[in-house]
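Got a model open and wondering where the labels come from? Let's take them one at a time and check each against its cut-off.

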Amino acid sequence: MSRTQHDLTGRCRVCDAPISAFMSFGRMPIANGFLAAEEIANEYFFELAPAFCSQCSMFQLIEQPQPDKMFHGQYAFYSSTSRYMQLHFEAFAKAVMADVLPGRADPFVVELGSNDGIMLRHFYERGIRHLGVEPSQNVADVARGRGIRTISAFFNRKLAQDIVAEHGRADVMLAANVMCHIPDLPGVAAGARHLLKPDGVFIFEDPYLGDMIAKTSYDQVYDEHVFIFSATSIARAFAPHGLELVDVAPQITHGGSMRYTLAPKGSRPASARVAEQLAKERAQGLDRLETYQRFKENCEHSRARLMQTLEQLRKQGRRVVGYGATSKSTTVTNYCGITPQHVEFISDTTPIKQGKLSPGAHIPVRPYDEFTRAYPDYALLFAWNHAAEIREKEQAFLAAGGRWIVYVPDVKVVA
Ligand code: DWN
Ligand code: ZN
């Protein structure tokens with residue numbers, strides 16, 4: 001029997017309280033499941049429905065595909081495709097070296113979901129002991145090719161024990177845009193507590209729930225993002241495992257992210273920023289179900305506005321091309337009903353995506369030169385989180401009369 005919106009219920013992945021979906025984005029394919037025409041018949045779909053746990057405040061998916069359907073030897077996202085993100089991770093690594101590593105003898109740094117080594121390379125280049133844990137073989141191979149020590153595995157308590165047995169405990173654990181992908185958050189928290197030294201720290205960042213709610217950036221919700229975190233939910237999820245939230249730092253990456261620092265309870269004082277952030281989240285209503293019911297209405301409104309714009313341009317015979325075959329765009333195209341009649345193709349610089357069709361909507365993905373060779377009238381900015389970098393390099397598109405269609409925080413056509 002196929003499940004409907006009404007029976008989308010389950011148990012909180014963190015605290016086990018009963019939860020139910022407050023909305024459904026409908027039938028969704030794997031966000032990074034770019035495919036060939038002959039694979040369409042076997043395309044996998046699931047129901048993308050988020051829930052909010054009133055007990056621990058965790059925003060989560062009711063249903064998530066099996067991890068090996070999403071992270072495997074053909075994983076389509078290579079972190080190093082954005083120059084700005086390279087700079088961001090260099091700064092992140094340097095901040096860790098300056099703030100945490102001084103005074104530590106032969107420190108050991110472990111990164112979860114280290115992808116192609118975009119952050120660990122800075123530790124490797126300085127001869128710092130490091131280990132990447134990356135389940136997607138193809139991106140891990142890129143890191144290994146650069147000399148970065150990487151194992152291909154999913155992190156959990158058992159793996160933490162194996163790492164301790166082979167390398168000893170970690171001074172620092174890092175993760176960027178990874179923790180929100182792991183359904184067994186309690187298992188990772190327990191593994192982290194085991195792996196960390198008593199004075200170690202776990203620093204990770206992920207898209208921030210407060211930004212997603214404020215900007216109606218619903219495209220952060222897709223199969224890989226089983227959670228969207230807040231300081232409130234992170235503090236509550238890690239406390240039972242002896243890890244305390246001791247710092248938070250907002251980031252501009254991925255449309256608004258938060259960096260969380262956790263440490264063994266009592267090992268260091270919590271910064272005043274933590275209490276401030278928790279108060280801010282209460283004021284925003286992140287701990288109340290009504291906030292998510294309003295978010296649902298905002299999503300519906302955004303969808304209507306975007307489709308109205310695209311339909312109008314289609315009727316006028318304008319050429320619209322998508323910019324950036326992001327994971328996020330899979331939610332947008334499938335939730336809104338965007339077809340190849342609305343968007344001729346999606347331009348993307350990632351070779352593994354090119355020549356394929358976008359998941360579910362089956363819009364062709366083409367190399368970037370096809371965008372520059374004959375500029376469209378409009379470019380739908382699916383990679384809106386990289387807007388600064390993209391607008392800087394696409395001035396010729398605007399000069400040629402091209403216009404951007406953006407949908408975060410509002411649907412707008414901009415020069
Ligand atoms: O959490 C995740 C984040 C970090 O990365 C993963 N679940 C998967 C992935 O999400 P995404 O695919 O939404 O990430 P991006 O960084 O928004 O993807 C950008 C896409 O756009 C890439 O396919 C590369 C492409 N691109 C491009 O064609 N031209 C990007 C830039 C900056 C460009 O100039
Ligand atoms: Zn809960």
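Q: What makes Cys 53 and Cys 56 buried?
A: Buried means under 20% relative accessible area (exposed is over 50%, partly exposed in between, with a 1.4 Å probe and protein chains only). Both Cys 53 and Cys 56 fall in the buried class. Before going on, some ground rules: this is a predicted model, where local features need pLDDT of at least 70 and side-chain atom pairs count only at pLDDT 80 or more, while totals for chains, interfaces and linings use all residues. Residues are numbered from 1 along each chain as its sequence is written, chains are lettered from A and ligands numbered from 1 in the order in which they are written, and side-chain values use heavy atoms, leaving out hydrogens and water.

Q: Which residues count as protein donors of the zinc ion (ligand 2), and how do you know?
A: A donor is an N, O or S atom within 2.8 Å of the metal (3.2 Å for Na, K and Ca); water is not among the atoms, so sites may look incomplete. The SG atoms of Cys 12, Cys 15, Cys 53 and Cys 56 lie 2.2 to 2.4 Å from the zinc ion, so they qualify. Along the sequence, these donor residues are spaced C-x2-C-x37-C-x2-C.

Q: Why is the site of the zinc ion (ligand 2) called tetrahedral?
A: Four donors count as tetrahedral if all angles lie between 85 and 135 degrees; four are square planar and six octahedral if opposite donors are over 155 degrees apart and all others between 65 and 115, and anything else is irregular. The angles among the 4 donor atoms here are 100 to 115°, so the tetrahedral label applies. For reference, the ideal angle for four tetrahedral donors is 109.5 degrees.

Q: How do you know which residues surround ligand 1?
A: A residue is near a molecule if one of its heavy atoms lies within 4 Å of it. There are 23 such residues around ligand 1, and the closest are Glu 224, Lys 328, Asp 348, His 386 and Lys 393. Helices α11 (327-336) and α13 (387-393) each supply at least two residues of that shell; helices (H or I, at least four residues) and strands (E, at least two) are DSSP runs, numbered from the N terminus.

Q: Why is helix α6 (residues 185-195) called largely enclosed?
A: Because 9 of its 11 residues are buried, among them Leu 185, Val 188 and His 194.

Q: What makes strand β7 (residues 108-112) largely enclosed?
A: The count is 5 of 5 residues buried, so the rest of the structure largely encloses β7. Phe 108, Val 110 and Leu 112 cover one side and Val 109 and Glu 111 the other, all of them buried.

Q: How do you know that β7 and strand β8 (residues 129-133) pair?
A: Two strands pair if DSSP finds at least two bridges between them. β7 and β8 are joined by 5 bridges and run parallel, so they pair. Leu 112 stands opposite Val 133 in β8.

Q: Why are β5 (50-52) and β12 (227-228) placed at the edges?
A: The open sheet has 3 strands in the order β5-β6-β12, with antiparallel pairing. β5 and β12 each have a single partner strand, so one side of each lacks a neighbour in the sheet.

Q: Why does Ser 57 count as buried?
A: Its relative accessibility is 1%, so Ser 57 is buried. Ser 57 sits in the loop between β5 and β6 and has a positive phi of about 70° although it is not a glycine. Most residues other than glycine have a negative phi.
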